[in-house]
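Trainee: I have a two-chain model open and would like to learn how to read it. Where do we start?

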Amino acid sequence: MLQPKLAVHSGDIELTSLTKVFDKTPAVDGISLKISAGSYCCLLGPSGCGKTTTLRMLAGHETPDAGKILISKRDVSGLSPAERGTSMMFQNYALFPHLNCLDNVGFSLHMRGISKVIRTERAMEVLALVQMEKFAQRMPSQLSGGQQQRVALARSLITEPEVLLLDEPLSALDPFLRTQMRVELRQLQKKLGITFVHVTHSQVEALALADLVVLMQSGSIEQADSPQLIFNGPTNTFVAKFIGGHNVLSGRVTELNRNTAKITGPGEAYFTSSKFGFTIGANVNYALRADLIKLHPTSHITSKDSSYLRAIITQIEFAGADVRITLENADLKECLVICKDYEFFLGSWTEGDEVMATWSRDDVCVLN
Amino acid sequence: MNPKLQVLPLLAILSLFFIGPIIIIFIVSFWDYTEFSLVPDFVFTNYVELFGSKVTYSVYINTLKFAGISWAITLLIGFTVAYFLAFHVRSLRWQIVLFLVCTIPFWTSNIIRMIAWIPVLGRNGLINKTLLSLGLIENPIDWLLYSDFAVILAFVHLYTLFMVVPIFNSMMRIDRSVLEAARDAGANGFQILFHVIGPLSRPGIAIGTIFVVSLIMGDFVTVQAMSGGQSASVGVAMNHKRALLQYPAAAADAVILLIVVLTMVAILMRTVNIRKEL
């Protein structure tokens with residue numbers, strides 16, 4: 001058991017117009033999504049965006065008001081959590097406080113009437129998988145948060161689910177442990193080859209873990225893509241802001257020719273016009289990655305058709321390897337620049353200095 | 001101020017009204033007595049007579065029987081009511097309303113609640129008259145009133161709430177996600193009740209048990225009134241000795257009863273960590 005599944009993975013998920021309404025306000029508003037088998041999917045979004053409700057509907061702990069859920073090509077509506085082939089790991093772990101680790105892990109086998117000997121053997125196997133076999137006889141209250149989580153993970157895995165559902169699994173851990181568990185979760189998912197659906201509000205977590213990041217807001221999916229695509233090509237302002245590391249700037253198309261569009265806003269930005277359908281005079285929002293902006297003295301002469309922005313440094317924040325610099329000018333409330341420390345300190349700027357910020361036209365991304 | 005001094009007022013009250021009387025009873029239980037007077041002394045005759053009498057054992061067995069049967073019934077009803085309140089009544093407001101409804105019987109005194117049964121259970125009472133007029137029975141049922149049945153009925157009526165409250169309290173502390181986790185692990189409703197809710201309600205059951213058992217073990221009014229003097233309990237026997245002015249004998253009885261009840265409570269406390277619950 002719990003060997004990597006070599007056969008064709010089952011455990012793909014398909015949601016069609018899935019809707020859940022609480023007190024007349026839709027918590028999940030007709031979302032459709034495909035998650036391929038054996039992939040790691042993160043449902044990401046601010047609190048109240050419907051990600052947990054979506055997860056709970058997948059698990060069978062919440063009944064959809066409309067729409068369909070297919071797991072392994074099978075309509076699961078009306079099936080109990082156990083019949084769906086899913087298993088859920090709860091946010092606060094929800095271990096049975098009156099049972100020791102071994103009995104917690106073996107609980108589902110106990111419910112199926114499997115004998116104590118086999119139950120114990122299997123539970124020990126799964127506990128070993130999460131390196132908790134030494135703690136088999138401990139009660140949950142005698143374990144640290146991280147250990148409780150491992151036991152909860154073992155309890156979810158013992159049913160050999162096709163889909164593991166994780167509700168904010170890392171949010172209760174301290175930062176060090178969080179990073180460590182993140183790595184372990186990813187390794188475990190690869191080893192077992194089952195589908196993981198992981199709810200989180202941390203974009204760092206989602207980018208680090210997922211094959212598919214599903215960014216949600218007020219019950220709808222804003223963007224569902226690979227982490228690289230989400231980060232490098234946010235499709236709208238919300239995504240760019242939520243993912244972080246981007247500046248959302250806006251301007252007006254003032255020049256347009258065959259190759260290049262010039263957008264005047266706070267400074268001048270140039271785009272390869274063939275990539276986007278611009279019209280003269282139109283307002284354009286674009287995302288600019290903070291770490292791809294270069295700072296120069298104001299005397300710097302830019303080449304023709306290269307984007308730039310003059311602004312005052314309002315804040316310098318040293319963050320170890322990086323320095324975070326906030327820029328501001330008359331048309332621009334705030335623009336974040338992330339520089340390597342050695343690059344930044346060459347310029348010996350201080351707050352209040354005027355600088356010229358430049359970037360390549362390949363590093364911008366037009367938003368809807 | 002030394003914080004230990006702050007305990008003094010409570011200690012003074014407890015000493016005067018609780019510890020003091022127990023010590024006096026303990027001392028008096030070694031006294032001698034005649035038909036007219038108490039004789040301060042240090043004799044074991046009261047205890048020797050108590051343990052030497054067959055009546056003592058039959059009275060204890062009878063009392064334990066009342067306690068045992070009433071306990072089982074109050075537990076069954078109490079657990080069911082608490083379960084309903086905690087898991088089937090969703091809104092807090094309705095929980096409070098229904099909870100208050102449970103306490104309505106406590107707005108009147110024990111005696112009135114007991115006496116209220118007489119017109120219901122009596123030979124010419126409500127039940128017998130109804131059954132007679134329906135033609136279901138030819139003669140009135142005798143065992144309804146002034147019987148062990150009546151005693152247990154009254155105990156259940158009087159003390160079920162003492163079971164409901166602590167069990168409800170325990171159940172409200174159960175994290176709802178634990179129940180979902182059980183469902184997720186494939187447990188059906190009965191299995192959740194038996195393997196999760198039941199064990200997690202144990203502290204409440206233990207506290208309720210202590211209430212019900214110690215109340216019944218010390219009772220004499222209910223037994224006397226509802227059995228019509230036909231059944232005896234430890235309390236009834238003790239009260240009988242008191243009425244005959246055999247205070248030292250009654251005191252010895254009280255000391256033994258206290259030890260028996262404390263032993264029962266001690267055993268219960270060993271099975272459940274109650275302190276965690278308070």
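Mentor: With a definition. Two strands pair if DSSP finds at least two bridges between them. Keep in mind that this is a predicted model.

Trainee: How many bridges join β16(A) and β17(A), and in which sense do they pair?

Mentor: The general idea comes before the case. Strands of a sheet pair through backbone hydrogen bonds, either parallel or antiparallel. Here β16(A) and strand β17 (residues 322-329) of chain A are antiparallel, with seven bridges. A:Phe318 has A:Val323 in β17(A) as its bridge partner. The two strands make a hairpin with two residues between them. In that turn, A:Gly320 has a positive phi of about 80°.

Trainee: Which strand also pairs with β16 (residues 307-319) of chain A?

Mentor: Strand β19 (residues 354-359) of chain A, antiparallel over six bridges. There, A:Arg310 is bridged to A:Met356 in β19(A).

Trainee: What is the strand order in the open sheet of six strands in chain A?

Mentor: The order is β6-β7-β8-β3-β9-β10, and the pairing is mixed. β6 (86-89) and β10 (220-225) of chain A are the edge strands, each pairing on one side only. Neighbouring strands are turned by 20° against each other on average, direction ignored. For a parallel pair, take β3 (residues 40-44) and β8 (residues 195-200) of chain A, with five bridges. A:Cys42 sits opposite A:His198 in β8(A).

Trainee: Which element of chain A has the highest mean pLDDT, and which the lowest?

Mentor: β3(A) is highest at 96, and strand β13 (residues 267-272) of chain A is lowest at 74. Chain A averages 88, with 96% of its residues scoring at least 70. Where pLDDT is low, the predicted coordinates should not be read in detail. One such stretch is residues 3-9 of chain A, where pLDDT stays under 50. For these residues the model has seven contacts beyond four places in sequence.

Trainee: Now a helix. Why should α11(B) span 22 Å?

Mentor: Because α11 (residues 202-217) of chain B has 16 residues, at 1.5 Å a residue. Its end C-alpha atoms are 22 Å apart, which agrees. Among the buried residues of α11(B) are B:Pro203, B:Ile207, B:Val212 and B:Met217. The cover over the buried residues includes α3 (54-88), α8 (148-172), α13 (234-243) and α14 (247-271) of chain B.

Trainee: How many residues does each chain bring to the contact?

Mentor: Chain B brings 14 residues and chain A 18 residues. On the chain B side, α9 (176-184) and α10 (189-200) give two or more residues. α9(B) gives the most, with six residues. That side of chain B divides into seven nonpolar, three polar and four charged residues.

Definitions and conventions. Residues numbered from 1 in each chain as written. Chains lettered and ligands numbered in written order. Predicted model: local features only at pLDDT ≥ 70, side-chain atom pairs only at ≥ 80, totals over all residues. Contact = placed C-beta atoms within 7 Å. Helix = DSSP H or I, 4+ residues; strand = E, 2+ residues; numbered from the N terminus. Nonpolar A, V, L, I, M, F, W, Y, C, P; charged D, E, K, R; others polar. Axes fitted to C-alpha atoms, helices over the stretch in contact; angles between N-to-C directions. Expected span 1.5 Å × (residues − 1). Buried ≥ 20, exposed ≤ 12 C-beta atoms within 10 Å, placed from the backbone. pLDDT = per-residue confidence, 0-100.
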